[in-house]
Amino acid sequence: MGEENELTRIYHIQYVRNSRAITVVWAIFTICFAILNIVAFIQPQWLGYTEKSLNAGYFGLYEVCTILTGGELSCDGDFLDFTTILNDSFRAASMLVGISALLFVIAIICLLLFFFLRASTVLKVCGWLQLLAGICMGIACIVYPSGWDDVKVQAVCGQQAGKYQLGWCEIRWAFILSIVLIFDAFILAILAFFLAAKQADILPKQQNEKPKKDSKDGFINGGFTAESFGRQSNVSSMQQNTSSDQSEVKAVFRSRTSSQGSKQGGSEYGEDIKL
């Protein structure tokens with residue numbers, strides 16, 4: 001039993017170390033996701049011109065940028081002023097990507113709860129936040145192309161541009177990054193739920209196990225270990241020493257009483273002879 005408990009303790013230590021390492025990696029990727037989400041939100045590189053385009057320009061979630069004759073970039077649009085955003089599709093996509101970024105920022109703040117709450121609870125909360133963020137990002141990537149039929153988009157991409165039709169434009173890196181972040185968010189959420197489910201402690205389970213019944217020897221005491229056996233052997237040896245000491249005392253007492261009795265008997269025999 002002592003060896004089994006020692007092996008269980010070693011396995012438990014290794015399990016906790018691996019779980020903590022994976023949790024740290026998950027937290028790092030969560031922070032990276034939030035940064036990339038913010039980058040995709042503020043960059044006007046969702047849709048851009050090509051060599052066949054009528055004009056040079058870029059389109060983001062809420063910004064429209066045109067390249068002037070001198071090579072300067074002029075951008076219009078403000079997220080805080082919805083009237084400056086081209087159409088409702090771009091407004092909805094802007095809101096959804098912004099909510100996704102906000103949810104991941106909240107998830108990062110929730111990492112501080114590891115110092116106050118159980119790890120499984122914190123991981124579940126962060127997992128739900130990441131799942132909602134991934135859903136918001138996915139809906140945003142679906143809604144955004146429905147606004148490509150705008151007049152300003154057609155001024156750059158041509159009359160062929162329409163809902164879910166690129167025309168003479170192409171998808172830029174910010175849009176591709178957002179699509180990648182959808183899968184990243186779902187993977188992080190699944191990993192968070194997996195880590196939360198694996199936070200069960202091994203040792204307390206074995207300590208709380210009921211003693212098993214043996215058909216030959218009755219009940220087996222689960223707490224009977226090498227340490228307790230050593231303590232019991234020490235107690236038994238002390239009891240044996242005490243009993244041996246008591247027997248020696250009794251033997252000495254008997255010898256003394258017998259010697260005293262013999263002396264008294266000799267004295268009485270001498271008195272009888274004198275008489």
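## Briefing: ring cluster, helices and surface patch

Trp46, Phe90, Tyr144, Trp148 and Phe175 are joined by ring pairs into a cluster. Keep in mind that this is a predicted model. The protein has seven helices and seven strands, and 32% of its 275 residues count as buried. Here's a walk through the parts worth a look on screen.

**Overall layout**

- Going along the sequence, the order of elements is α-β-β-β-β-α-α-α-β-α-α-β-β-α.
- Quite a list of α5 residues is buried: Ala174, Phe175, Leu177, Ser178, Leu181, Ile182, Ala185, Leu188, Ala189, Ala192, Leu195 and Ala196.

**Aromatic rings**

- The count of aromatic pairs comes to 13.
- One of them is tyrosine 144 with phenylalanine 175: the ring centres are 5.7 Å apart and the planes sit at 80°, so this pair is edge-to-face (the cut-off is over 60 degrees).
- Tyrosine 144 comes from the loop between α3 and α4, while phenylalanine 175 belongs to helix α5, so the pair ties together parts that are 31 residues apart in sequence.
- Both partners, tyrosine 144 and phenylalanine 175, are buried.
- Those two residues also belong to the cluster from the lead, alongside Trp46, Phe90 and Trp148.

**Charges**

- Searching the whole structure turns up two salt bridges.
- Aspartate 88 and arginine 91 make one of them through their side chains, at 2.5 Å from N to O.
- Aspartate 88 and arginine 91 are three residues apart in helix α2, which puts about one helical turn between them.
- Aspartate 88 is exposed, at a relative accessible area of 60%.
- Glutamate 170 pairs up with arginine 172 in a salt bridge, and their closest N and O atoms are 3.3 Å apart.
- Arginine 172 has another contact to check out: its charged end sits over the ring of tyrosine 49, 5.5 Å from the ring centre.

**Nonpolar surface patch**

- Ile38, Ile42, Val105, Ile109, Leu112, Leu113, Phe115, Phe116 and Leu117 together make a nonpolar surface patch of about 900 Å².
- Two elements, α1 (2–42) and α2 (88–110), each give two or more residues to this patch.
- Leucine 112, one of the patch residues, lies in the loop between α2 and α3 (119–143).
- Leucine 112 has 52% relative accessibility, so it counts as exposed, the cut-off being over 50%.

- Leucine 191 and tryptophan 26 are 165 residues apart in sequence, yet their C-alpha atoms are 7.5 Å apart in space.
- Leucine 191 is part of helix α5 and counts as partly exposed, with 27% relative accessibility.
- For leucine 54 and alanine 155, 101 residues apart along the chain, the C-alpha separation is 6.7 Å.
- Leucine 54 sits in the loop between β1 (47–49) and β2 (57–59), and at 49% relative accessibility it counts as partly exposed.
- Proline 44 and tryptophan 173 are 129 residues apart in sequence, with 9.8 Å between their C-alpha atoms.
- You'll find proline 44 in the loop between α1 and β1; at 11% relative accessibility, proline 44 counts as buried.

- Tyrosine 164 has a phi near 60°, a positive value in a residue other than glycine.
- Tyrosine 164 is in the loop between α4 (151–157) and β5 (169–171).
- With a relative accessible area of 49%, tyrosine 164 is partly exposed.

Technical notes. Residues numbered from 1 in each chain as written. Predicted model: local features only at pLDDT ≥ 70, side-chain atom pairs only at ≥ 80, totals over all residues. Heavy atoms only, no water. Patch = residues over 30% accessible without salt bridge, like charges linked within 9 Å, V, L, I, M, F, W, Y side chains within 5 Å. Areas by Shrake-Rupley, 256 points an atom, 1.4 Å probe, with all protein chains shown as cover. Salt bridge = Lys/Arg side-chain N within 4 Å of Asp/Glu carboxyl O. Helix = DSSP H or I, 4+ residues; strand = E, 2+ residues; numbered from the N terminus. Buried < 20%, exposed > 50% of the residue type's maximum accessible area, 1.4 Å probe, protein only. Phe/Tyr/Trp six-rings, centres within 6.5 Å; stacked < 30°, edge-to-face > 60°. Lys NZ or Arg CZ within 6 Å of the ring centre and 35° of its normal.
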